[in-house]
Amino acid sequence: MDADETINGVPVSEEQIAQWAAEAEAGYDVDALKKRGRGRPGRGTEPSQVIALRLTSEELAAIDDRAAYEGKTRSEVIREALATFAA
């Protein structure tokens, strides 16, 4: 292997490659790998729905300002606003 080969900026050694090969040859627990899931963690027992929403630049700026002030994501602020409205 080329001495300049890296993964995420970390050099990869021949020893590391041998360790990965031995792990692969020993086999993986497929059920454990499947349980990890893919993508973002779920928010409930059922899959979340993605919706499209059109906002003006002023509305979006207001949401982003609120999110930054509260240390939250844009999505968290919108979900909280909807929950308050629906209550």
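Predicted model: local features only at pLDDT ≥ 70, side-chain atom pairs only at ≥ 80, totals over all residues.
Student: Why is Asn 8 called exposed?
Tutor: Exposed means over 50% relative accessible area. Asn 8 has 79%, so the label applies. Asn 8 sits in the loop between strand E1 (6-7) and strand E2 (10-11).

Student: What is the phi of Asn 8?
Tutor: Phi is positive at Asn 8, about 55°, although Asn 8 is not a glycine. Most residues other than glycine have a negative phi.

Student: Why is Tyr 28 called partly exposed?
Tutor: Buried is under 20%, exposed is over 50%, and partly exposed lies in between. Tyr 28 has a relative accessible area of 46%, so Tyr 28 is partly exposed. Its place is the loop between helix H1 (14-26) and helix H2 (30-35). Neighbours within four places in sequence aside, Tyr 28 contacts Trp 20, Glu 23 and Leu 33.

Student: How do you know that the span of H3 is close to the one expected?
Tutor: Helix H3 (residues 57-70) has 14 residues. At 1.5 Å a residue, 20 Å is expected, and H3 reaches 20 Å from its first C-alpha to its last. Gly 71 follows H3, with a positive phi near 70°.

Student: What makes H3 roughly perpendicular to H4?
Tutor: H3 and helix H4 (residues 74-86) pack at about 100°, their axes 8 Å apart. Roughly perpendicular covers 65 to 115 degrees. The angle therefore makes H3 roughly perpendicular to H4.

Student: Which residues of H3 and H4 meet?
Tutor: Leu 60, Ile 63, Asp 64, Arg 66, Ala 67 and Glu 70 in H3 meet Arg 74, Val 77, Ile 78 and Glu 80 in H4. By class, this contact has five nonpolar, no polar and five charged residues.

Terms used: Residues numbered from 1 in each chain as written. Heavy atoms only, no water. Helix = DSSP H or I, 4+ residues; strand = E, 2+ residues; numbered from the N terminus. Expected span 1.5 Å × (residues − 1). Buried < 20%, exposed > 50% of the residue type's maximum accessible area, 1.4 Å probe, protein only. Contact = heavy atoms within 4.5 Å. Axes fitted to C-alpha atoms, helices over the stretch in contact; angles between N-to-C directions. Parallel < 35°, antiparallel > 145°, perpendicular 65-115°, else oblique. Nonpolar A, V, L, I, M, F, W, Y, C, P; charged D, E, K, R; others polar.
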